[in-house]
Amino acid sequence: MFPPADIPALADFLRGPWRFARTIWEGREEPQAQAGGDCEFVAGELPRQLIYRERGTLRMLPVFAGARPIPFTRVFDYRFGDADVEVLFADGERGGQSYQRYELKGDLLAPAADHLCGPDCYNAAYTLDGENGFTMETFISGPKKRTRVLTVYERLQP
């Protein structure tokens, strides 16, 4: 049933393989980078936990002859509570630290609070576009940052 009626249904919606396309803007109208790749939400070791694993390549724009894509990976830990979803860093030096908490509001997974990283504020929201897709839009603002990241996800058939 779409949209997911509650947090457990949201976990079921997200579970499985996805393809993503990402565009990054840094303070200008033209995008400065594009990325794409595959990701998946898989069951974690804890109850009501999904682990998000992302693999992709980043290309700085404009693309010029000889430019090489930059490979990357990311891992996040999604914990599905009774009324919200907490996302934790699951790789790197911040592994295990809370990143953001979200509340389900119809077809929107809205931030319950901003994430502060030093002087910078990260704010993201997910829009569930249909049974086979969703979009995440992140804004990063701070004294030296004005970034927008738009990621579009398309479900892959297992």
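Predicted model: local features only at pLDDT ≥ 70, side-chain atom pairs only at ≥ 80, totals over all residues.
Residues are numbered from 1 along each chain as its sequence is written, and side-chain values use heavy atoms, with hydrogens and water left out.

**Salt bridges**

There are twelve salt bridges in the structure, a salt bridge being a side-chain nitrogen of Lys or Arg within 4 Å of a carboxyl oxygen of Asp or Glu.

| Pair | N to O distance |
|---|---|
| Arg-15 and Asp-12 | 3.2 Å |
| Arg-74 and Asp-91 | 3.5 Å |
| Arg-101 and Asp-84 | 3.1 Å |

Arg-74 sits in strand S4 (residues 70–80) and Asp-91 in the loop between S5 and strand S6 (98–105), so this pair links distant parts of the chain, 17 residues apart. Helices (H or I, at least four residues) and strands (E, at least two) are DSSP runs, numbered from the N terminus.

For accessibility, buried means under 20% relative accessible area, exposed over 50%, and partly exposed in between (1.4 Å probe, protein chains only). Arg-74 is partly exposed at 29%, and Asp-91 is partly exposed at 21%. As for the Arg-15 pair, Arg-15 is partly exposed at 38%, while Asp-12 is exposed at 52%.

**The network around Glu-86**

Salt bridges link Asp-84, Glu-86 and Arg-101 in a network. Glu-86 belongs to strand S5 (residues 85–89) and counts as buried because its relative accessibility is 19%. Its side chain makes a polar contact of 3.3 Å with that of Arg-101; such a contact is a pair of N or O atoms within 3.5 Å, where within protein one must be able to donate a hydrogen and the other to accept it, and residues adjacent in sequence count only if both atoms are side-chain atoms. Asp-84 is buried at 19%, whereas Arg-101 is partly exposed at 33%.

Leaving out residues up to four places away in sequence, Glu-86 touches Asp-77, Tyr-78, Arg-79, Ser-98, Gln-100 and Arg-101, with contact meaning heavy atoms within 4.5 Å.

**The nonpolar core**

Tyr-78 turns up again in the largest nonpolar core, which has 28 residues; Leu-10, Tyr-78, Phe-80 and Phe-134 have the most contacts inside it. Helix H1 (residues 7–14) gives the most to this core, with five residues. A nonpolar core is a set of buried Ala, Val, Leu, Ile, Met, Phe, Trp, Tyr and Cys residues joined through side-chain atoms within 4.5 Å.
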